[in-house]
Amino acid sequence: MYRFLLTPRWWGINVFAVLAIPLCIFMGSWQLSRFEDRVQSHQQQEDRSARAKAAAARPLERLLPVDTVTSGRQASARGRYDTAHQLLVPARTLKDKHGERQGFYVLDLLRTDGGKALPVVRGWLPGDAGAKADTAEVPAPPKGEVTVTGALQASENQGTDGVQAGGGLPRGQLGMISAASLVNIVPYEVYDAWITQTDPQAPLHAVPPTAAEGSGLDLKAFQNLGYTGEWFVFAGFVVFMWFRLFRRDAEAAKDAALGIVPEGEGGDDDGGDGVGVAVVASVSGSVSGGADRGDGPADGRGAGPSGGRGEEQGEATRTGQA
């Protein structure tokens, strides 16, 4: 009854199912592992951030380049502020106990003893970076040689929240905190990193450090979780369709073994042949009867034996037609 499984059609179906199901399961498991890695990385980053707040600051050079391990660590640098190039970073949101508030960062460049400058976010202020009333509250940076301590951060990119990479900002404002953005503003080299000061000068508010890119539960992490479900659904759909096709063909084979012909496949042909045979027989009988009647007189009665045979043949023909 299951000989249909050996047909070329079912060979193709079986090969497709055998290849598709493990592939879907493998891809779903891989996407799930990606999501679990992001969750684990997020937890590790939170643990490192908690330890970094309590740990002693380390020299900046020992923490560079910035990666997922050194991001958020307390770094210290010594130098002088470049008071001629104070910058404001507009449209930045600060989340604190008062909720989310819109404002701007105050950024200064610390000229270190090594010659390079370190971008330092000295703090955050509410308001508009383009309004004189709001920027009038920005305190001047300390003069002379100072030691600055803060949480180390990687340079921002176009995907960072709050970044304005399109340009068109007024003079004295910066849309993205990165060495690539500052290279056209200042005439000296800049570190490919920045720090957010942990103890800012009043009335500035401290800017909390952000998690390293790729270590948080962002949209990409939940996309991995969604892809996991999709791949497992695909595997289940392949199994469902295989059993559905198998059940349909198995039932058809069982019906054929019992002599049950599906409606519309064989019945019409047999019925058509029977009707054709009956029509041919009727027409043949009519023609034969007409010819026999035409041999005798008009009333169908013949003289002698011939007339009797013609009458008997005509009666037989009429009986056959009836």
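## Nonpolar cores

A nonpolar core is a set of buried Ala, Val, Leu, Ile, Met, Phe, Trp, Tyr and Cys residues joined through side-chain atoms within 4.5 Å, where buried means under 20% relative accessible area, exposed means over 50%, and partly exposed lies in between (1.4 Å probe, protein chains only). In this predicted model, the largest such core has 17 residues, and those with the most contacts inside it are Val89, Tyr105, Leu107, Leu109, Val121, Ile177 and Leu182. Strands S3, S4 (99-112) and S5 (117-126) each supply at least two residues of this core. A second, separate core of 15 residues includes Leu60, Tyr81, Leu110 and Ala193.

Which residues does Val89 touch, leaving aside its neighbours within four places in sequence? Val89 is in contact (heavy atoms within 4.5 Å) with Gly103, Phe104, Tyr105, Leu107, Leu174 and Ile177.

## Basis of the model and confidence

Residues are numbered from 1 along each chain as its sequence is written. Because the model is predicted, local features need pLDDT of at least 70 and side-chain atom pairs count only at pLDDT 80 or more, while totals for chains, interfaces and linings use all residues; side-chain values use heavy atoms, with hydrogens and water left out.

The pLDDT, which is the predictor's confidence in each residue from 0 to 100, averages 80 over the protein, and 77% of the residues score at least 70. Over residues 267-322, however, pLDDT stays under 50, and the model has twelve contacts beyond four places in sequence for this stretch. Where pLDDT is low, the predicted coordinates should not be read in detail.

## Overall architecture

The protein has seven helices and seven strands, which are DSSP runs numbered from the N terminus (helices H or I, at least four residues; strands E, at least two). Read along the sequence, they follow the pattern α-β-α-β-β-β-β-α-β-α-β-α-α-α. Of the contacts with a separation of 6 or more, 68% are between residues 24 or more positions apart, and buried residues make up 30% of the 322 residues.

## Salt bridges

Counting a salt bridge as a side-chain nitrogen of Lys or Arg within 4 Å of a carboxyl oxygen of Asp or Glu, the structure has seven. One of them joins Glu156 and Arg92, with 2.9 Å from N to O. This pair links distant parts of the chain, since Glu156 lies in the loop between strand S6 (145-154) and helix H4 (179-182) while Arg92 lies in strand S3 (residues 87-96), 64 residues apart. Both Glu156 and Arg92 are buried.

Lys95 and Glu100 also form a salt bridge, at 3.7 Å from N to O, but here Lys95 is exposed at 60% relative accessible area and Glu100 is exposed at 57%. In a further salt bridge, the closest N and O atoms of Arg247 and Glu251 are 3.3 Å apart; these residues are separated by about one helical turn because they stand four residues apart in helix H5 (residues 219-257).

## Aromatic pairs

The structure holds eight aromatic pairs, meaning rings of Phe, Tyr and Trp (its six-membered ring) whose centres lie within 6.5 Å, with planes under 30 degrees apart counted as stacked, over 60 as edge-to-face and the rest as tilted. Phe35 and Phe222 form a tilted pair, 6.3 Å centre to centre with 55 degrees between the planes, and they link helix H1 (residues 8-54) with helix H5 across 187 residues. Phe35 is buried, at 16% relative accessible area, whereas Phe222 is partly exposed, at 48%.
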